[in-house]
Every structure is written in C-alpha cells, then in structure tokens.
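Here is a short report on one protein model. Look at the sequence and the structure first, then read on.

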Amino acid sequence: MTFKPQALNPYLSARHYFGAEQRRHREAAQLSLLQLADILNSSKSTLARIETAELMPPPDLPDQLDAAFGTDKHFHGLYELAKREAHPDQYRRFMDFEAQAEIIENYEPQVIPGLLQTKEYAQAQLSLQEELSQEKVEELVNARMSRKDRLNSVQSPLRWAIIDESVLRRQMGSRERTYKQLALLLTQVDTPDSKVQVMPFSAGPHYLMGAALTLLTLPNSSTVAYEEGIEVGHLYEDRDSAKKWRRRYEVLRAHALPPTASAELIREAMEDYKPCSTPPS
C-alpha cells in the first residue's frame, strides 16, 4: 500500500519536529520510505509512524539518520529532547540529573532497576499498565533503553543496585524472558562499573520495603534522591533530605548480601526459569 504523507506541524513537540525533519531530509535526498528503510535496516511502517509522530524513535535511529544524511548530530540532538517528553516534568528533571551523575545507586523492591533491564523485560513491565496503548508502551520502552546509552561511554557512571529477593522470584513475562533478564543481571553483579546486592528475605523487614529509591551523586559531589511509589515519585534536591535518604540506603546496604553471595542467589533463581531442553527424538 502506498504511504500518503500527512500534513505535519513540526512545532507541536520535539517528537513532531523529529518526524518532520526525517521527512524533510528523506525527500531532499529523493528517497522513498522503503528505500530509507533498506538503508537503515529498519521497516517502512516504523519510519512512517515516526514521521507522523505516532511513534517515539528507537534509540539507535538518530545516529543512523545522521550517518545516512550526513547531518552530524542533528537527529541525535532532536532525540535527546524528544525522549524526555515521554515522562512527567519531575521525572524529566530526574533524568537530567541521572545523565550527569557520577554514581547511581538504586534500591528496587519489586522489579529490576531500569538501567539493568532488557528491552523484553521492560516491555513486560510497562505492559502491566492497562491504560497504556501498545504505541505508548513502545515509546516508554525506547525512552528507557535510551537511558542506557551512557553506560557504554568512557564516562560511564558507577552503578550500585540493591534489589529485593522477591524481584528474582517473580516471573516477568515468559520464563525465557525472565531467564535472559537474570542472566544479564548476573553479568553486572561485580564489575568495575557495576555492583549488585540482593536483600534476602532472611534479613526481615526494613524501612524501604514499600518504595523504590535512587541516589544520584553529581560532579560537584552533591546528592539528589528520587523516591518512587506506584504512581507518584518525589525528587529531593535539598541537602538535608538527601542526607536522610542516604542514611537509609547505607543501612540497607549493610544488611544486603555481598556481591558474591548475591550472584549465587541469582544463579539459584535462574534455575526456576531455565529453558527446558527438547528431548532427542
């Protein structure tokens, strides 16, 4: 079916502007959507939906477009703006802090921390929000995956994650999806840039059981804290509040399993999701 371009208003949002710029450069290069899809190893329908701002661009697309059109970091810059539109204002401010942070410390009582998630795990988690359309889920997944870009740079921050044992025991999506997620988590337990500790059931109750917490240490050595419930989150930027949350996190860290023991518990949990081998015929 022939794609019929819709009239665009590129100034409605950064995402609309991204789509309009993709179309402008594509038409200037006299390329059809199918031809551009072949160049980028993408799909025509995906590019069409991006051009009409129906879909958030996937994280790898901006650099591919810049390479294809010779536009330096034009699309990269547009994407940096567009990806923040997927989140509420306060969370966008948190993302700005996260992008600067030299140390990122998390506690998660229910799910794998976002920076350690596979794309499939993120899709399963975000799909639990029944009010979200498939397109919105895809948009949020892409925005979450884009936050991991910095982890592959020379300025990768130190990440320290404490997760509750229940996170390991709760299947998210299929068994295979959960197994792959735990396998990725295992690789991040004890590296120069990443540490993971598990808070075991045997440690008993603690103050942070009901909420997720992230501490961000910024280049000026100050700390901001983000405490998140089911539907609301709060960003603490003042020194006294951040100090309070820091103390609670350090108490939690002292009671969590060390990385070696945490790795053993992750391996044990992986056995529950291990793909069944097909018996020989």
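## Helix α7 and its cover

This is a predicted model. Start with helix α7. What covers its buried residues? The cover includes α8 (134-146), α9 and α10. The buried residues in α7 are Tyr121, Ala122, Ala124, Gln125 and Leu126.

## The whole protein

Now step back. The secondary structure comes to 12 helices and 7 strands. The C-alpha atoms fill a box of roughly 65 × 65 × 40 Å, taken along the principal axes. With 281 residues, a compact globule would have a radius of gyration near 19 Å. The protein has 21 Å, which agrees.

Of the 281 residues, 47% count as buried. The protein exposes about 15100 Å². Carbon and sulfur atoms supply 51% of that area. Take the contacts between residues at least 6 apart in sequence: 70% of them join residues at least 24 apart.

## The sheet

The 7 strands form an open sheet with mixed pairing. What is their order? Read across the sheet, the order is β3-β4-β2-β1-β5-β6-β7. The edge strands are β3 (190-191) and β7 (233-236), and each pairs on one side only.

Strands of a sheet pair through backbone hydrogen bonds, either parallel or antiparallel. Strand β1 shows both senses. With β2, β1 pairs in the parallel sense over 6 bridges. Here Asn106 stands opposite Ala161 in β2. With β5, β1 pairs in the antiparallel sense over 5 bridges. Here Glu105 stands opposite Leu215 in β5. Is β1 enclosed or open to the outside? In β1, 5 of the 6 residues are buried, so the strand is largely enclosed by the rest of the structure.

Arg159 stands opposite Ser194 in β4.

## Helices on the sheet

Helix α12 (residues 259-271) packs on the sheet. It touches β3 and β4, and its direction makes about 70° with that of β4. Helix α11 (residues 239-255) lies across β1 (103-108), β2, β4, β5 (212-217), β6 (223-228) and β7. Helix α11 runs at about 65° to β1.

Ser262 sits in helix α12. At 0% relative accessibility, Ser262 counts as buried, because buried means under 20%. What does Ser262 contact? Leaving aside neighbours within four places in sequence, Ser262 is in contact with Val196, Gln197, Val198 and Leu257.

In soluble globular proteins, nonpolar side chains tend to be buried together. The largest nonpolar core here has 21 residues. Which of them touch the most other members? They are Ile112, Ile163, Leu168, Leu182, Leu185 and Ile266. Helix α12 gives the most, with 5 residues.

Not counting residues up to four places away in sequence, Ile112 touches Gln117, Tyr121, Ile163, Val167, Gln181, Leu182 and Leu185. A second, separate core has 18 residues, including Ala14, Ile50, Leu55 and Leu61.

## Helix α3

Which residues of helix α3 (residues 44-51) are buried? They are Thr46, Leu47, Ala48, Ile50 and Glu51. The buried residues of α3 pack against α1 (14-28), α2 (33-40) and α4 (61-69). Just after α3, Ala53 takes a positive phi of about 65°.

## Thr178

The last stop is Thr178, in helix α10. Thr178 is buried, with a relative accessible area of 2%. Which residues does Thr178 touch? Not counting residues up to four places away in sequence, they are Arg170, Gln171, Met172, Gly173 and Tyr273.

Thr178 and Glu120 are 58 residues apart in sequence. In space they are 8.8 Å apart, C-alpha to C-alpha.

Definitions and conventions: Residues numbered from 1 in each chain as written. Predicted model: local features only at pLDDT ≥ 70, side-chain atom pairs only at ≥ 80, totals over all residues. Heavy atoms only, no water. Pairing = 2+ DSSP bridges. Helix = DSSP H or I, 4+ residues; strand = E, 2+ residues; numbered from the N terminus. Contact = heavy atoms within 4.5 Å. Axes fitted to C-alpha atoms, helices over the stretch in contact; angles between N-to-C directions. Rg over C-alpha atoms; globule rule 2.2 N^0.38 Å. Buried < 20%, exposed > 50% of the residue type's maximum accessible area, 1.4 Å probe, protein only. Areas by Shrake-Rupley, 256 points an atom, 1.4 Å probe, with all protein chains shown as cover. Core = buried A, V, L, I, M, F, W, Y, C linked by side-chain atoms within 4.5 Å.
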